Amino acid sequence: MDNQPQKKEIGIELSKETAAGNYSNLAIITHSNSEFFIDFARLTPGVPKAQVVSRIIMTPEHIKRLYLALRDNINKYESQNGEIRLSTPKNTIPFGFGPNTPEA
């Protein structure tokens, strides 16, 4: 017998609505002792509130697996396309977004 672990494949079903996706330019991450919450939101210039378009709730183990998969994919992307440069400092709202302040 072969002692190699058998690779299991998971079939994935993707509806048309889900395949269309939701655009998000903001992610808010919070956590409790047992779960991580990622709210994907869309910020529109001049609108004081971001609209949450999707919320994903994951266990700590699954969020760590997501982190590792994202890190791996970002490394692969950057090795093919160059470094992804951040246009705004970490933990700031991008320029042009945020509270609508009237001007005369």
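Q: Where do Glu 61 and Arg 65 lie?
A: Both sit in helix α2, four residues apart, about one turn of the helix. Helices here are DSSP runs (H or I, at least four residues), strands are E runs of at least two, and both are numbered from the N terminus.

Q: Before we go on, what kind of model is this?
A: It is a predicted model: local features need pLDDT of at least 70, side-chain atom pairs count only at pLDDT 80 or more, and totals for chains, interfaces and linings use all residues. Residues are numbered from 1 along each chain as its sequence is written, and side-chain values use heavy atoms, with hydrogens and water left out.

Q: Is Arg 65 buried or exposed?
A: Exposed, with a relative accessible area of 52%. Buried means under 20%, exposed over 50%, partly exposed in between (1.4 Å probe, protein chains only).

Q: How many salt bridges does the structure hold?
A: Three. One of them links Asp 72 with Lys 76, the closest N and O atoms being 3.1 Å apart. These two are also four residues apart in helix α2. Asp 72 is partly exposed at 36%, and Lys 76 is partly exposed at 47%.

Q: And which residue forms a salt bridge with Arg 55?
A: Asp 39, with the closest N and O atoms 2.6 Å apart. Arg 55 is in strand β3 (residues 51-58) and Asp 39 in strand β2 (residues 36-42), so the pair ties together parts 16 residues apart in sequence. Asp 39 is buried, at 11%.

Q: How do β2 and β3 pair?
A: Antiparallel, over seven bridges. Pairing requires at least two DSSP bridges between the strands. Ala 41 stands opposite Val 52 in β3.

Q: What about β1 and β2?
A: They form a hairpin, with four residues between them. Strand β1 (residues 26-31) runs antiparallel to β2, joined by six bridges. His 31 has Phe 36 as its bridge partner in β2.

Q: New topic. Where is Ile 74?
A: In helix α2 (residues 60-81). Ile 74 is partly exposed, at 40% relative accessibility.

Conventions: Salt bridge = Lys/Arg side-chain N within 4 Å of Asp/Glu carboxyl O.
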